[in-house]
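Q: Could you take a close look at the ligand site in this one, and then at the pockets and cavities in the rest of the protein? I'd like one connected walk-through.

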Amino acid sequence: MLKIKNYINGELLEPLGKEYIDNYNPSIGKVYSFIPDSDERDVELATQAALSAFPTWSVTPKEERSRIMLKISELIEKNLERFAIAESTDNGKPVSLARMVDIPRAASNFHFYATAILHYASESHSMEDTAINYTLRTPVGVAGCISPWNLPLYLFTWKIAPAIASGNCVVAKPSEITPMTAYLLSELCIEAGLPKGVLNIVHGYGHKVGAAITAHPKIPLISFTGGTKTGAEIARVAAPMFKKLSLELGGKNPNIIFADCDFEKMIKTTLSSSFANQGQICLCGSRIFIERSIYEKFKTEFVSRVKKMKVGNPADAESKLGAVVSKSHMEKVLSYVDLAKQEGGIVLCGGVQVKLDGEFAEGYYIAPTVIEGLDYNCRTNQEEIFGPVVTITPFDTEEEVLMFANSTQYGLASILWTENLTRAHRMASNLHSGIVWINCWLLRDLRTPFGGVKGSGVGREGGFEALHFFTEPKNVCIKLK
Ligand code: NAD
């Protein structure tokens, strides 16, 4: 069975402790490869490699950095099918989704930041004839990048690309639950000629590798995507060390549907925003609020279409949902269905594990689940479930639904369906979230600020926001007379 390797100083290395973790294929519930169980010694090696590479990489002309990154992007595209299958095997998601979304987006992340740095300009502030200020933007040094399992290569590269584009060197840790495409990426980085030490990938557990990156005194910047609890732990360790922090955390996003929406478009998109990637996208709209006059119509139509969504072999083009990422995650999601029932919820469809035949019999499949009859304030409607489970709730007024929508500790994204432009603007400005999608979902322009408020995070990724984050501004003031 394949043993994944760390990528340190341009080489593929075994972990120093020679220990490995089982890597499961969730679609069949079996171990299919081994992940390095690295520790702080491997992080130290990676940090030293990054520190050694930094003086050269940080002054490498941006055109050259761009050229290498474009090569990496090209290689990902060339390996699209292999990467899509690998992502699906590691994560359980449909291959079709990995082929259409995850892997092309990973290629775009490199492409986007390879070109963004060519257009990035720092500011200058003139004080008429007294003085002129200009801002230098220099790379920070060694960046620590830690990412989750739900969109493995997509989110991993969303951090690495702006970090290295702006001249930093990186010590990165993908999720130990889905490490495979990060490993494959390290092979492509070697092929593309990325200088050794610029990117180092250390595999292993969060409490060992992630914690060692967070606490390392020579890593002054941490870019983290993952759960809100982990984000709080990282902030607890990193804040007293005055590290720069970008935290992209959990969500419990409202999907607000007004009676005047384009019903067909809304239903189609709501099926995706509820269940894409088995509901394991931080941006999924898991709390659906429907204006009362169309509640029954919505419920009948939505539930009937959800029941038709095929849960199956991720490689099968017909499968709309594959497996959830792990056995423990499946159990967690199903425990929330039990909680919902205890809280008075009625399960309209799903709510159970799906048992497939043959080699998939031990896989972690959950039927897409719709629950009604819950109070907006109950735990099921307040806590992030991160699986194929949505609740539906009627509302009467704009004020009421705003109160429902804004009631959680989270504030990542909101989805809004209405044809009333004035209301759309009014709602958008009153929703407590970093992103508002009106009559669409997951429509992404990589230049836009991406991130959340409240328990959904601190800071923004995307566009020049990320280049700001990965550089340190220095104002230079020159007196003219
Ligand atoms: P997680 O917090 O368990 O793990 C994320 C990463 O942090 C993993 O690589 C993990 O090994 C590492 N980690 C764990 N403990 C650590 C520690 N003490 N110190 C440093 N690193 C540590 O999250 P997950 O279960 O992998 O991902 C799911 C969560 O991610 C959900 O809450 C989801 O909403 C969130 N998420 C947010 C966004 C966003 O952009 N806001 C995107 C995707 C996922």
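A: Start with Glu384: an N or O atom in its side chain is 2.5 Å from an oxygen atom of the ligand. Keep in mind that this is a predicted model, so to speak of contacts here is to speak of computed distances. Lys173 also brings a polar side-chain atom to 2.8 Å from a ligand oxygen. On its own the ligand has 840 Å² of accessible area, and the protein covers 87% of that.

Now step back to the whole shell. The ligand is surrounded by 30 residues, and the closest are Ser147, Glu176, Thr230, Leu249 and Glu384. Sorted by class, they come out as 13 nonpolar, 12 polar and 5 charged. Three elements, α7 (206-215), β11 (221-225) and α8 (228-238), each put at least two residues into the shell, and α7 has the largest share with 4 residues. Why does the ligand lie between two domains? Because domain 1 (2-249 + 454-479) and domain 2 (254-438) both give residues to its shell.

Next, the second largest pocket. Its volume is about 470 Å³. It's lined by 21 residues, with Leu97, Ser272, Ala276, Asn277 and Lys320 closest to its centre. α4 (95-119) and α9 (263-275) are the elements that give two or more residues to this lining.

The largest cavity holds about 100 Å³ of space. Its lining is made of 14 residues, and Gly251, Gly279, Cys284, Ser286 and Phe386 lie nearest its centre. By class that lining has 6 nonpolar, 6 polar and 2 charged residues.

The second largest cavity has about 40 Å³ of space. Pro254, Ala405, Tyr410, Gly411 and His432 are the closest to its centre, out of 14 lining residues. Here the classes come to 5 nonpolar, 7 polar and 2 charged.

Methods
Residues numbered from 1 in each chain as written. Predicted model: local features only at pLDDT ≥ 70, side-chain atom pairs only at ≥ 80, totals over all residues. Heavy atoms only, no water. Near = heavy atom within 4 Å. Polar contact = N/O pair within 3.5 Å; in protein donor to acceptor, adjacent residues only side chain to side chain. Areas by Shrake-Rupley, 256 points an atom, 1.4 Å probe, with all protein chains shown as cover. Nonpolar A, V, L, I, M, F, W, Y, C, P; charged D, E, K, R; others polar. Domains from an automatic or database assignment. 1 Å grid on protein atoms, 1.4 Å probe; cavity = no way out; pocket = protein on both sides within 12 Å on 5 of 7 lines; lining within 4 Å. Points joined across faces, edges and corners; volume = space filled by probe spheres on them.
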